[in-house]
Amino acid sequence: MPRRIGLVFAHPDDETFCVGGIVAKYAAAGVKIDLFCATDGDAGKSAGVPVSSREELARIRREETGAAAAILGIETIEFGGYRDGEVEQVDPTKLIGDIVAFLRRHRPEVVIGFGPEGAPTGHRDHKAMSRATIAAFFLAALDSAYADDGLRAHAAARLYFHAWRFPLPDPKLKLESVASTCSVDVRDFRDRKEAAFKAHATQQGSAHAFYGAALVDEEQLAFAAGVPQPRAMVDDPFAGL
Ligand SMILES: [Zn+2]
């Protein structure tokens, strides 16, 4: 059985900004990686790409995510279909259930999602996704939770939050993450991460944030739940599993 990582994020491009290097590195090593993306990013900017409606932007951003995923080595993408900017307002029972179903279908050992602060931007969709992912990580393992979804319970081994070294070079990004417990050397995968960012053509207005804060030599994760790490700081989210 290949090792598996499940990514749970809010918007097209979160996968690239947060953990594009880790994804590229582990996919290259044969790890199967699946992505749940709650929204189509239909409230985002379009950086000069002509877009006439939210629906058209949603379609373009889905395509961009597919292109970025192919570059990074993500095997499948599941879109939740929630509206960009409104994840906090949706019924949490349904959102958590969608993530539970995603985890039960793809059965990852390691789950990576947002920390409670909502990434350096503190976007409210990110914070809502963090809460839902924490709940889903535990509930996916219990037969009695979402028992009618027709899927077998799945206990993933570990939940990690996306994390970063603080302070970030961009002084506008003031939020600190949960303290990193896993620092992954992704130097050899910077090119791939950059190519994935460029595949998100509508998001090139965020280039300063990408090059200033996201394109790093070592990406950080913070242990959140599951099987304890063998050491306080590791360089591999599968360490000891
Ligand atoms: Zn986002």
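Lys 94 and Asp 98 join their side chains in a salt bridge, with 3.2 Å from N to O. A salt bridge here is a side-chain nitrogen of Lys or Arg within 4 Å of a carboxyl oxygen of Asp or Glu. Lys 94 and Asp 98 sit 4 residues apart in helix H3 (residues 92-106), so about one helical turn separates them. Helices (H or I, at least four residues) and strands (E, at least two) are DSSP runs, numbered from the N terminus.

Lys 94 is partly exposed, at 45% relative accessible area. The classes are buried (under 20% relative accessible area), exposed (over 50%) and partly exposed (in between), with a 1.4 Å probe and protein chains only.

## Basis of the values

This is a predicted model: local features need pLDDT of at least 70, side-chain atom pairs count only at pLDDT 80 or more, and totals for chains, interfaces and linings use all residues. Residues are numbered from 1 along each chain as its sequence is written, and side-chain values use heavy atoms, leaving out hydrogens and water.

## Bridges between the S2–H2 loop and helix H2

The count of salt bridges comes to 17. One of them pairs Asp 40 with Arg 62, whose closest N and O atoms are 3.1 Å apart. This pair links distant parts of the chain, 22 residues apart: Asp 40 is in the loop between strand S2 (32-39) and helix H2 (54-72), and Arg 62 is in helix H2. Asp 40 is buried at 11% relative accessible area. Arg 62 is partly exposed at 36%.

Asp 42 forms a salt bridge with Arg 54, and here the closest N and O atoms are 2.7 Å apart. Asp 42 lies in the loop between S2 and H2 and Arg 54 in helix H2, so the bridge ties together parts 12 residues apart in sequence. Asp 42 is buried at 7%. Arg 54 is partly exposed at 29%. A network of salt bridges links Asp 42, Arg 54 and Arg 83.

Strand S1 (residues 4-9) has 6 of its 6 residues buried, so the rest of the structure largely encloses it. Arg 4, Gly 6 and Val 8 point one way from S1; Ile 5, Leu 7 and Phe 9 point the other way.

S1 pairs with S2 in the parallel sense over 6 bridges; pairing requires that DSSP finds at least two bridges between two strands. Phe 9 stands opposite Cys 37 in S2. From S1 the chain crosses through helix H1 (residues 14-28) to S2, a right-handed β-α-β crossover. Right-handed means that, with the strands pointing away from the viewer, the path from the first strand over the helix to the second runs clockwise.

S1 also pairs with strand S4 (residues 110-113), in the parallel sense over 4 bridges. There, Leu 7 stands opposite Ile 112.
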